Amino acid sequence: MSEKKHRVSRRQFLTYTLTGVGGFMAAGMLSPMVRMALDPALEATGDSEFVAVGLGEDELTEEPQIVNFELEIEDAWYTSEQPRSAWIYKDGDEIIALSPICTHLGCTVNWDANEDYPEQFFCPCHFGRFERDGTNVAGTPPTRPLDVYDVEVRDGMIYLGQINQRS
Ligand code: FES
């Protein structure tokens, strides 16, 4: 057998090398996309995790107070901090954390903000109203209650988790 048959030409060498590098890069880019396609649980999972809101259990009152916090949202390409808020208060032994997003068209509700409707959440956009427990007041535009967060207390501090829709 002649030595010539075992030689790899410069052109072949470059072809093999570039094909290898190209394939490696393509696999690196495609694998997160394939994982996302095959496993929907890998989609933005930030809302399922509990986040500290910087409020101690002993700071809670029966009067709803607003807390602002940041939620880390991860997707296939990057992680971002997104602002969230909750109206949080104590109801006997229970801790209630309500979303401030009006269930009519998404404006922000405020507690005890309209003197005609004391002790209610009031939405200034179309005068939507909610009771203290988040129930929508009949005859106002919202047709379902305010959403509620899962709540946990860890070492005396309040953590909020997934947000839940009620009907
Ligand atoms: S958005 Fe709140 S009442 Fe319409």
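Student: What should I know before starting?
Tutor: This is a predicted model, where local features need pLDDT of at least 70, side-chain atom pairs count only at pLDDT 80 or more, and totals for chains, interfaces and linings use all residues. Residues are numbered from 1 along each chain as its sequence is written.

Student: How many helices and strands are in the protein?
Tutor: The protein has one helix and nine strands. These are DSSP runs numbered from the N terminus, with helices being H or I of at least four residues and strands being E of at least two. Reading from the N terminus, the order is α-β-β-β-β-β-β-β-β-β.

Student: How do β2 and β3 pair?
Tutor: Strand β2 (residues 65–74) and strand β3 (residues 79–91) are antiparallel, with ten bridges. Two strands count as paired if DSSP finds at least two bridges between them. The two form a hairpin with four residues between them, and I73 sits opposite S80 in β3.

Student: And what is the strand order in the open sheet of three?
Tutor: The order is β5-β6-β7, with antiparallel pairing. The edge strands, β5 (110–111) and β7 (128–130), each pair on one side only. Between β5 and β6 there are two bridges, and N110 has F122 in β6 as its bridge partner.

Student: Changing topic: how many residues are in the largest nonpolar core?
Tutor: It has 17 residues, and those with the most contacts inside it include A86, I88, L98 and F121. Such a core is a set of buried Ala, Val, Leu, Ile, Met, Phe, Trp, Tyr and Cys residues joined through C-beta atoms within 7 Å. Buried means that 20 or more other C-beta atoms lie within 10 Å of a residue's own, with C-beta atoms placed from the backbone. Two or more residues each come from β3, β4 (94–98), β6 (121–123) and β9 (157–164).

Student: What does L98 touch beyond its sequence neighbours?
Tutor: Leaving aside neighbours within four places in sequence, L98 is in contact with A86, W87, G134, L146 and V148. Contact means C-beta atoms, placed from the backbone, within 7 Å.

Student: What share of the residues is buried?
Tutor: Buried residues are 16% of the 167 in the protein.

Student: Last one: where does pLDDT stay under 50?
Tutor: That happens over residues 34–47. pLDDT is the predictor's confidence in each residue, from 0 to 100. The protein averages 84, and 75% of the residues score at least 70. Where pLDDT is low, the predicted coordinates should not be read in detail.

Definitions and conventions
Buried ≥ 20, exposed ≤ 12 C-beta atoms within 10 Å, placed from the backbone. Contact = placed C-beta atoms within 7 Å.
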